Amino acid sequence: MSKFIYMDNAATTAVRQEVVDAMVPYFTESYANPSSVYSFAQKTKNDMEEARETIASILGAAKPNEIYFTGGGSESDNWALKCTAEAYGVHGGHIITTKIEHHAILHTCKYLQNRGYDVTYLDVDENGSVGYSVAFTVVVTGSLHSEWSHA
Ligand SMILES: Cc1ncc(COP(=O)(O)O)c(C=O)c1O
């Protein structure tokens, strides 16, 4: 008899029951858009700001407003790369990534490359490693964006 083992928890994973329980009220009762001006939205906004403060504190962010909520991974990749690159400008840095990144990263890098940004796509070995401590997505000059991993 074969046993199914799910190995892609980095992409998406089961949500813990306590998280489901904590979220149910926001699907069924306090479902207002927190950016709305009417009073029904106030509780959602307050709860969201409280969550932002909690997350900022856990992550050690200097201020809660450093925490942004997005709809998913691709949106986050696009937003972080394009906005950071744009903030520094076409001559502000060099983006280094690997050839095995998620398409949300690779397509965004290609998009930036077509707009004049310098992008290097590193090869990886059979373990998915570049062989030394290196960024999987880094903008070197000016340290635009760096996520260092250890090989
Ligand atoms: C780096 C990275 N970007 C984007 C995604 C896709 O996320 P979403 O489906 O939430 O857009 C994933 C999913 O595995 C990912 O690992």
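Predicted model: local features only at pLDDT ≥ 70, side-chain atom pairs only at ≥ 80, totals over all residues.
Biologist: Let's take one helix. How do I read its sides?

Modeller: Start with the general idea: an α-helix has 3.6 residues a turn, so residues three or four places apart point the same way. Now the case here: in helix 4 the buried residues are I105, T108, C109 and L112. They sit on the same side of helix 4 because they cover an arc of only 105° around the axis. H103 and N114, on the other side, are exposed.

Biologist: What span does helix 4 reach from its first C-alpha to its last?

Modeller: Its 12 residues reach 16 Å, close to the 16 Å expected at 1.5 Å a residue. Just after helix 4 comes G116, with a positive phi of about 105°.

Biologist: Now the ligand. Which residues are around it?

Modeller: A11, G72, G73, S74, D77, H102, A104 and I105. Helix 3 (73-88) and helix 4 (103-114) each give two or more residues to that shell, and helix 3 gives the most, with three.

Biologist: How do the shell residues divide into nonpolar, polar and charged?

Modeller: Three are nonpolar, four polar and one charged. Notice I105: this residue of the shell is also one of the buried residues of helix 4.

Key:
Residues numbered from 1 in each chain as written. Near = placed C-beta within 6 Å. Helix = DSSP H or I, 4+ residues; strand = E, 2+ residues; numbered from the N terminus. Nonpolar A, V, L, I, M, F, W, Y, C, P; charged D, E, K, R; others polar. Expected span 1.5 Å × (residues − 1). Buried ≥ 20, exposed ≤ 12 C-beta atoms within 10 Å, placed from the backbone. Arc of directions from axis to C-beta.
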